[in-house]
Amino acid sequence: MSKGLIWATTEDLSRNRGRVLSLYRQLLRRLNTPKLQLNLATRLSKKAELRTIFMLGSEEQSLHNIADLIDTAECALSLIRKGEIPKHIQ
């Protein structure tokens, strides 16, 4: 990331794209695990939340917001790995 810049360059976006997509796929897979006691409606609702967050995040141009998206996804993934259900994936 470039020092002192708030907006992401094309290089920054391409560098973070793979990581963001990987986190999105991991979260979707983890929501399907039988360890989580989710009914179908709740599972679909959580997937819709994820889809919305990552669709909006894919258009993000701010370095700070991209970093927040990655941190939030990693936090939600760690909760799901522990068998906990994040109340709101924000």
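**View A. Buried residues of helix H2.** In this predicted model, the buried residues of H2 are Arg43, Lys46, Lys47, Leu50, Phe54 and Gly57. Viewed down the H2 axis, these buried residues fall within an arc of 100 degrees, so they line one face of the helix. An α-helix has 3.6 residues a turn, so residues three or four places apart point the same way. The cover over the buried residues of H2 includes H1 and H3.

**View B. The other face of H2.** Ala41, Met55 and Leu56 are exposed. They sit on the face of H2 turned away from its buried side.

**View C. H2 end to end.** Helix H2 has 19 residues. Its first and last C-alpha atoms are 27 Å apart, close to the 27 Å expected at 1.5 Å a residue.

**View D. The largest nonpolar core.** This core holds 18 residues. Leu27, Leu31, Leu50 and Phe54 touch the most other members. Three helices each supply at least two core residues: H1 (10-31), H2 (40-58) and H3 (63-81). H3 gives the most, with 8 residues. Leu50 and Phe54 of the core are also among the buried residues of H2.

**View E. The annotated segment, residues 12-81.** UniProt, in an unreviewed entry, lists residues 12-81 as "domain: LYR motif containing". In the model, the chain over residues 12-81 is 83% helix and 0% strand. The end C-alpha atoms of this segment lie 28 Å apart.

How values were computed
Residues are numbered from 1 along each chain as its sequence is written. This is a predicted model: local features need pLDDT of at least 70, side-chain atom pairs count only at pLDDT 80 or more; totals for chains, interfaces and linings use all residues. Side-chain values use heavy atoms; hydrogens and water are left out. UniProt positions are given in the numbering used here, feature names are shortened, and annotations may be inferred rather than shown by experiment. Helices (H or I, at least four residues) and strands (E, at least two) are DSSP runs, numbered from the N terminus. A nonpolar core is a set of buried Ala, Val, Leu, Ile, Met, Phe, Trp, Tyr and Cys residues joined through side-chain atoms within 4.5 Å. Buried means under 20% relative accessible area, exposed over 50%, partly exposed in between (1.4 Å probe, protein chains only). The expected span of a helix is 1.5 Å times one less than its number of residues. The arc is that of the directions from the helix axis to the C-beta atoms. Contact means heavy atoms within 4.5 Å.
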